[in-house]
Amino acid sequence: MEFLNGLVFLTNFVIIPAAAYGAQLALGALGITLVYAILRFSNFAHGDTMALGTGITIKLTAVLVAFGITLGPLPTALLALPIGIAATGVILLVTDWLVYKFYREQKAKPVILVIVSLGVMFVMNGLTRVFFGVRDIQFADGERFLITVRQFRDMTGLDEGLAIRTTQAITLVTAVIVMIALFWFLNKTRTGKSMRAFSDNEDLALLSGIDPDRVVRVTWLLVGALATTAGVLYGLDKSFKAFTYFQLLLPMFAAAIVGGIGNPKGAIVGGFLIAFAEVTVTYPLKKVLTYWLPESMAPEGLVQLLSGDYKFAVSFIILIIVLLFRPTGLFKGQSI
Amino acid sequence: MKHLMMATAATALFAGQAFAAAHTGDVKIGIVLGFTGPLESITPAMGAGAELAIAEVNAAGTLLDGATVTGIRADSTCIDAGAATAAAEGLVTGDGVNAIMGADCSGVTGAILQNVARPNGVVMISPSATSPGLSTAEDDGLFFRTAPSDARQGVVMTEILNDRGITEVALTYTNNDYGKGLADAFQAAFEESGGTVTISAAHEDGKGDYSSEVAALAAAGGEVLVVAGYTDQGGKGIIQNSIDTGAFDTFVLPDGMVGQQLVDDIGDALNGSFGQFPGTDSAGAEMFQALAAEADFDGTGAFAPESYDAAALIMLAMEAAGSNQSTDFMGEVMNVANAPGTEIFPGELGKAIELLKAGEDIDYVGATAVELIGEGESAGNYREIEIQDGEIVTVNFR
């Protein structure tokens, strides 16, 4: 019983939230990694692409709700998501045609493209604020919990409770579906294979008749889909705020690089790794140990590895350690 | 070297003439607030509050024999001291502002005070910087604030907890000068009164995910959770997450956390939580809200009334001194703010100017019952509030 209480406590505060956060980071990191693998630059505008896509989805959700269309217990935003993805895809294609295409034709160095993406980031940042405002927007409707703390306690008779939010469950399920679909696309379809060929060796790919423009277009559409999905899931689970999405850029990049930038598998592992590291390293074990250890050994202090103040540093430390010992990331990505 | 000296001397001479010429000319007031950054959601109402006071004085048209007042906005960013200093420097040296209404966050306010206001001798009145550290900062008599120091709020919060019989609390604060200052002031006061703070943990604003912070707070435990943060930032995230995971169910909300938006967002779960924010039962607050509604902005927004008062004090002090030069009117700020004299409420700035012209004393009450103490900071009247049925209800004044 004591052991179960400790386990439930740990699950409620560490495992469930970290898993949901990890899934959101992984989806974001996948978008970053795709751009890096195929278009060969670090896309700083990714966080704001997420914000823009989410903003569009929020507006569409509001329209749907106004017409009385909802998804019952599920958030209506899921219904608006496909249209949001399409709109974001179009925006990315237009951005590419207006901005990136010019530099690609110049065969500009990756570092120049990084700075260009920084410019795109500021523009998108501004557009998001102009169209959707700077305020906190909550757009999750439907049933809030799969199971609440009280229900869990009543069901099991344990002292500790456990809550699972609907949005956390949706996040995990959607993330798994999107990841499977992405891997199927990259490995099984002709277009996916041509993208991988283009990523591995651009010259060879061109020689074998792959249309580079098509590869670029498909990449942006995929990136739009991943970014919007990640952004909407994150917004549903927490809330939408332009500034928060900008801040997500750091952990997403950390996830992509730790996993091995340019490698989709790495992005997923990296996302979960960063999320779990952020939560566990600063987690005080006091209460769990009080449950798990005999009474005489119960800890007096907080039993915390690092104070919460250092939470930001955790992603950086992992990043530095990985780059020192495995410059290509945990999975073989491109060396940077 | 000789050229440099000559150039410097010449510049000083010209600058002197320029200032002398500007003595009775039009007035420019810099409005330095974080229009981008973590406070970007409350600064529009703050800026509008200051501009409302300026518009009122311009409508009267009597300040300093018909001077027109212009408000010039600049971005403090709230977090980037370098950017804030550059923005304020631009206002003073480029636009030639006579005084600064700002800044908002305590950190950038301290930076602007030391790097811009003091070297240039420009008066600064902050509507919202509440860090206790600013009480003792060197200011050459140039710095005032219409918000109270958080040292006072820490004591008030302790009194409220003691009255409710709560002896063990967990504490989380936003990781900046405001949060840290308030948390330290509160912890010192609370522990002195015999209470226990189980954990004092910082949280970063502007993130969506606060599960690890809440996990740490839950593991440390406590009867209630004190959240020294912002309503639309980490503070809200922490509360939402604590309620979802069942970590805490009662929260203590200091000034940055009291807002109807928070109550609406969180819903029923916030009922029973309590806190305090600067406020009085003075009639000024409602008058200001009516004016704000006319001017089409949210008068209940955090620190919007303080912003109105800060701008009004600057202009009234100028009138009292008969000059728009900071060195002349810095000594008048305390006089117009405090008794004795005729009480001045929002919407009566024109009347206040007339009274000052007639040589009479005024006691500026404004939207927040301004009473400046010590080195020139608000004395700190607090409203004790409780969330009841989704409403913020005032239960006491302290």
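Colleague: To start, in which sense do strands β15 and β16 of chain B pair, and over how many bridges?

Modeller: Strand β15 (residues 382-388) and strand β16 (residues 391-397) of chain B pair in the antiparallel sense over six bridges, where pairing requires that DSSP finds at least two bridges between two strands, and B:E384 stands opposite B:N396 in β16(B). Strands here are DSSP runs of E with at least two residues, helices are runs of H or I with at least four, and both are numbered from the N terminus. Before we go further, this is a predicted model, in which local features need pLDDT of at least 70 and side-chain atom pairs count only at pLDDT 80 or more, while totals for chains, interfaces and linings use all residues. Residues are numbered from 1 along each chain as its sequence is written, and chains are lettered from A and ligands numbered from 1 in the order in which they are written.

Colleague: And what sits between β15(B) and β16(B)?

Modeller: The two strands form a hairpin with two residues between them, and B:D389 in the turn has a positive phi of about 50°.

Colleague: Which sheet do they belong to, and what is its strand order?

Modeller: They are part of an open sheet of seven strands in chain B with mixed pairing, ordered β7-β6-β8-β9-β10-β15-β16. β7 and β16 of chain B stand at the edges with a single partner strand each, so one side of each is left without a neighbour in the sheet. Direction ignored, neighbouring strands of this sheet are turned by 25° against each other on average, with axes being lines fitted to C-alpha atoms (for helices over the stretch in contact) and angles running from 0 to 180 degrees between N-to-C directions.

Colleague: Which helices pack on that sheet?

Modeller: Helix α5 (residues 150-163) of chain B touches β6, β9, β10 and β15 of chain B, and its direction makes about 150° with that of β10(B). α8(B) also packs on the sheet, touching β6, β7, β8 and β9 of chain B, at about 160° to β8(B).

Colleague: Switching to the other sheet in chain B, what order do its strands take?

Modeller: That one is an open sheet of seven strands in the order β2-β1-β3-β4-β5-β14-β13, with mixed pairing. Its edges are β2 (69-75) and β13 (372-373) of chain B, each with a single partner strand, so one side of each is left without a neighbour in the sheet. Within the sheet, β3(B) and β4(B) run parallel and are joined by three bridges, and the bridge partner of B:I100 in β4(B) is B:M124. Helix α2 (residues 43-60) of chain B lies across β1, β2 and β3 of chain B at about 165° to β2(B), and helix α3 (residues 81-95) of chain B lies across β1, β2 and β3 of chain B at about 145° to β2(B).

Colleague: How is chain B divided into domains, and how far apart are their centres?

Modeller: The domain assignment, whose bounds come from an automatic or database source, gives domain 1 (26-149 + 283-378) and domain 2 (151-277 + 381-397), and 29 Å separate their centres, taken over C-alpha atoms. In terms of contacts (C-beta atoms, placed from the backbone, within 7 Å), 14 residues of domain 1 of chain B meet 15 residues of domain 2 of chain B.

Colleague: Now the chain A side: how many residues of chain B are in contact with chain A, and which element gives the largest share?

Modeller: 26 residues of chain B are in contact with 32 residues of chain A, and α7(B) gives the largest share of the chain B side, nine residues.

Colleague: What does α7(B) pack against in chain A?

Modeller: It packs with helix α1 (residues 2-39) of chain A at an angle of about 175°, with the axes 10 Å apart. That makes α1(A) roughly antiparallel to α7(B), a label for angles over 145 degrees, whereas those under 35 count as roughly parallel, 65 to 115 as roughly perpendicular and the rest as oblique. Among the residues that meet there are A:F13 and A:Y21 in α1(A) and B:V214 and B:A218 in α7(B).

Colleague: And how do α1(A) and α9(A) cross?

Modeller: The axes of α1(A) and helix α9 (residues 212-237) of chain A come within 9 Å and cross at roughly 165°, which makes α1(A) roughly antiparallel to α9(A).

Notes:
Contact = placed C-beta atoms within 7 Å.
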